[in-house]
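Subject: Structure for you to look at

Hello,

Here is the structure I said I would pass on. My notes follow below it.

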Amino acid sequence: MEQCLRIRLVMGKDRISELPDALLLKILSFLPTNIVVATSVLSKQWRSLWKLVPNLEFDCEDYESEHYTFSEIVCKSFLSHKAPVLESFRLQFGSEKLNLVDIGLWVGIAFSRHLRELVLDFYPAELRTGTTFTFPSSLCTCNTLETLKLVLRILVDMPSPVVMKSLRTLHLEFVSYKDESSIRNLLSGCPGLEELRLYRGDDSDIEVFTIEVPSLQRLMVHDNNDGPEFWGYLINAPSLKYLLIDELRCPEFCLNAPELMEANIAHVTSITNDKFLGSLTSLKRLLLNLSPLKITYPTGSIFYQLVSLEMYTREAKWWNLLTLMLDNSPKLQVLKLTDHCLNFHKNGLVGGKWNEPKYVPECLLSHLETFVWRRFDWGREEEKEIATYILKNARQLKKATFSTNPIDSEELNKLKERRKVLNELDGVVRASNSCHLVFKFDASYDVSDSS
């Protein structure tokens, strides 16, 4: 409130109240509802302005009153609210703060206001208890809803297909499901769904998570469920363009996505079928953060469309997967290698020898133009060998950039050794006469060579 009062006073005059109401409503729409309601005391003009703000956002932790319960405060806000179209309704609640039956009432009122975004975040005081809020199919009847986000202890119970014709974005974050049919009934009732984001933990009642959505274009999966009863994912998404997988421990991941263009695959630890990478051959851009020791590479899978590949260099013997990808990506133009741990030394990684390919990959001979190695480990012999090999054989290379961690006070004695390694790379006879070589070994100091 004090901040609101300070904003009003500029040179002794209330400047903000001179703004058009449409702009004021836009500003207020970014604030939680309790702050928006508080502005009603500023002046007569502001007394009713909050009632037209197209967003309602309530967090039970932000409401403490000697006279009203949290449920009563939310009800009073709904009764006073006059916006003809409700852009969003966000509710963060715990079971000890309100009667869960009230939530269905509020959602129904919001739907009558042509609601476009609904976010429900249920966090009971004790997460280990079995308390859940059931989100039934009776609440999935809004034809104006475009975004639905369900978070934490919410049970998705869909005994029959739902009807949400306008839904474009669906986030299911650590919710639970009554059964596999509830998943299918929810997704089948969203014919226009374009984005699906899943965060999953342990769902003991789910054996196969089926995603069959013809309209789906973006899919993000974060799943640490490694229970023996969970088989994995069965995905049929013919329009899918982008796939992100982060943390996947199930044994199977069957994907049909012939239009897939970009994928970010990380921390996949237990997939056993060799069709996983083989289902990604339509990609143009791919980021891989995988252990070559824990994934089977599909024999004969060629990434004919792949032009950009980024790989993380944290896992042991990661270079074996790099060799396979180079050999099977004939049109690759951009290669990026990254150690995503800024201050983590690789001394603990299992050693090994990088075996130079028997034949130079086609992408090095005719297509690779950009090579970037972030946090290059100048102290590991196999990394120097890989860098040298690429410089020697990439005939179309236009720019190669190597960066290492900034020098700190404890590593000043290693500066000469680091310079020596970089000078050795600089002295490599490059296959491309036009290759521009850039070294970045300090946050404020670059060494470049344009030869």
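How many bridges join β19 to strand β20, and do they run parallel or antiparallel? Five bridges join these strands, β20 being residues 334-338, and the two run parallel. Please keep in mind that this is a predicted model.

The strands around β19

β19 itself covers residues 308-312 and is mostly covered, with four of its five residues buried. Together with helix α7 (residues 318-327), β19 and β20 form a β-α-β unit, and this unit is right-handed.

Helix α5

The other element I went through is helix α5, which takes in residues 101-112, 12 residues in total. From its first C-alpha to its last, α5 reaches 18 Å, close to the 16 Å expected at 1.5 Å a residue. Its buried residues are D102, I103, W106, V107, A110 and F111. In an α-helix there are 3.6 residues a turn, so residues three or four places apart point the same way. The cover over the buried residues of α5 includes the helix α4 (70-80). It also includes three strands: β4 (88-93), β5 (117-122) and β6 (133-136). After α5 comes H114, which has a positive phi, near 60°.

Regards

Note on methods
Residues are numbered from 1 along each chain as its sequence is written. This is a predicted model: local features need pLDDT of at least 70, side-chain atom pairs count only at pLDDT 80 or more; totals for chains, interfaces and linings use all residues. Side-chain values use heavy atoms; hydrogens and water are left out. The expected span of a helix is 1.5 Å times one less than its number of residues. Buried means under 20% relative accessible area, exposed over 50%, partly exposed in between (1.4 Å probe, protein chains only). Contact means heavy atoms within 4.5 Å. Two strands pair if DSSP finds at least two bridges between them. A crossover is right-handed if, with the strands pointing away from the viewer, the path from the first strand over the helix to the second runs clockwise.
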